[in-house]
Amino acid sequence: MSSLLLRNIGRLQGVTDASCLRGDPMHSSQYIDNAWLRIADGRIADFGTGQPTLPADSDFDCHGAMVMPAWCDSHSHIVWAGSRWQEFVDKIHGLSYEEIARRGGGILNSADRLAATSEDDLFSQSMERVRQVMSMGTGALEIKSGYGLSVESELKMLRVIARIADTVPIQVRATFLGAHAVGREYAGRQDEYVNMVIEKMLPAVAAEGLARYVDVFCDAGFFTPGETARILEAAARYGMQPKIHGCELDASGGVKVAVSHDALSVDHLERASDADIRMLAAGDTVATMLPGASFFLGMPYGPARRAVDSGAIVALASDFNPGSSPSGDMRFVYAMGCIKMRLDPAEAFNAATLNGAYAMGLGDDLGSIARGKRANLIVGNRPVTDADPLATMAYMYTEPYISRIFFDGCIYSN
Ligand code: NIG
Ligand code: FE
């Protein structure tokens, strides 16, 4: 059993548990000053203030810096092929996301590129981005399919996700998003496409055990709540729990269908109504907000403030994808939670760590400083001098802040 002692921690941030997911405890920032933390076999064995109780095989001096749990990014589309820079330029010239999609760009553009890319190439293109987000402190990551849109290509994407999960030192959760858009061969035949998702894709994905969760883009111009319900009910028979896209483009009815199908999370929510927020506050479905998409597309930001005040469980995630959120930087997501959504730093921090872990079924294993959890940690790059280093991490939002990253108690180097 190997052990490591982190010494001289200025502030050990994120000493939380499930009682901090919502309501008042979410914004009382939980930390210990002048702390130490002992890691044994990759997990947090113990922590405290003052002198450590036991020695360890090796020591790491944190030089008075903040130590925090790694970010938990519960919504990404990080597996894709090629680039959509041309659409970015089209957007600069005034085209909207919906207009680009109607012209056959958007998700279908990514599906064309993915179909023309080998599984090995898709893996190496995607791994580059995964390494990038790990070096930015992401210690758990959900990844969706949804740029396949045919049985063969959806399986290709999900196999790449499984290969990433086997390769990296962080936890990866796979979500099947066959109903992201209607595949080109089914243009004008949405009904038949939904039947194909249910009758062909789902059984094939389940047979290989490639996805724990199921997602549907339930929104204006994509899939209706009725179609979403059919897909979620079929997926439930394979034990796949929903994590769905809703209310990005319209008050889509996505929240109701998600909550009534016991979804783990409903994500986006930029156009969610007060009734939607009340529904989320009354249950345990996580309300996941994706400020990166609002920033990039110039949309309204999700109602994170209202949702927290109403008592919903709110998570923040990157939505890293080539069309609406081409960044997986969770520190920037955290900062936007504060700057644009008016979450206080402790709320945004919990939303991007512990609540994100819960939104991918990893709440018992990651997202906070607790005995027995995986030691996926970020060590800050300067001694803590101000009273609220969390505020500074959002306020000085491009200032480098990381000196070391640990995954399972080992230093990560890219
Ligand atoms: O979460 N909204 C649906 N899907 C992605 C965008 C996908 C794309 O444009 O490639 C999102 O924003
Ligand atoms: Fe998304």
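The residues lining the second largest pocket divide into 11 nonpolar, 4 polar and 4 charged. Start your tour there, and keep in mind that this is a predicted model.

**Stop 1: the second largest pocket.** This pocket holds about 260 Å³ of space. Select Met66, Arg382, Pro389, Thr392 and Tyr401: of the 19 lining residues, these are the closest to its centre. Now colour by element. Strands β5 (65–69) and β14 (377–383) and helix α15 each supply at least two residues of the lining. Which element gives the most? Strand β14 does, with 6 residues.

**Stop 2: helix α12.** Select residues 330–339. Show Met330, Arg331, Val333, Tyr334, Ala335, Met336, Gly337 and Cys338, which are the buried ones.

The strands are β6 (71–73), β7 (138–144) and β13 (314–316). The helices are α10 (291–297), α13 (345–352) and α15 (389–395).

Zoom in on the start of α12. Select Asp329 and Arg331. A side-chain oxygen of Asp329 comes within 3.0 Å of the backbone nitrogen of Arg331.

**Stop 3: the iron ion.** Select ligand 2, the iron ion.

Are His75 and His77 buried or exposed? His75 is buried, because its relative accessible area is 0%, and the cut-off for buried is under 20%. His77 has a relative accessible area of 2%, so His77 is buried too.

**Stop 4: the largest pocket.** Finish here. About 340 Å³ of space lies in this pocket. Its lining has 17 residues. Select Ala101, Leu108, Ala181, Gly221 and Phe222, which lie nearest the centre.

Then show helices α2 (97–102) and α3 (107–115), each of which supplies at least two lining residues. Helix α2 provides the largest share, 3 residues. Colour the lining by class to end the tour: 8 residues are nonpolar, 5 are polar and 4 are charged.

Technical notes: Residues are numbered from 1 along each chain as its sequence is written. Chains are lettered from A and ligands numbered from 1 in the order in which they are written. This is a predicted model: local features need pLDDT of at least 70, side-chain atom pairs count only at pLDDT 80 or more; totals for chains, interfaces and linings use all residues. Side-chain values use heavy atoms; hydrogens and water are left out. Buried means under 20% relative accessible area, exposed over 50%, partly exposed in between (1.4 Å probe, protein chains only). Helices (H or I, at least four residues) and strands (E, at least two) are DSSP runs, numbered from the N terminus. Contact means heavy atoms within 4.5 Å. A polar contact is a pair of N or O atoms within 3.5 Å; within protein, one must be able to donate a hydrogen and the other to accept it, and residues adjacent in sequence count only if both atoms are side-chain atoms. Donors are N, O and S atoms within 2.8 Å of the metal (3.2 Å for Na, K and Ca); water is not among the atoms, so sites may look incomplete. On a 1 Å grid over the protein atoms alone, a cavity is a set of points where a 1.4 Å probe fits but cannot get out, and a pocket is an open set with protein on both sides within 12 Å along at least five of seven lines; lining residues have an atom within 4 Å of a point. Grid points are joined across faces, edges and corners, and a volume is the space filled by probe spheres set on the points. Ala, Val, Leu, Ile, Met, Phe, Trp, Tyr, Cys and Pro count as nonpolar, Asp, Glu, Lys and Arg as charged, and the others, Gly among them, as polar.
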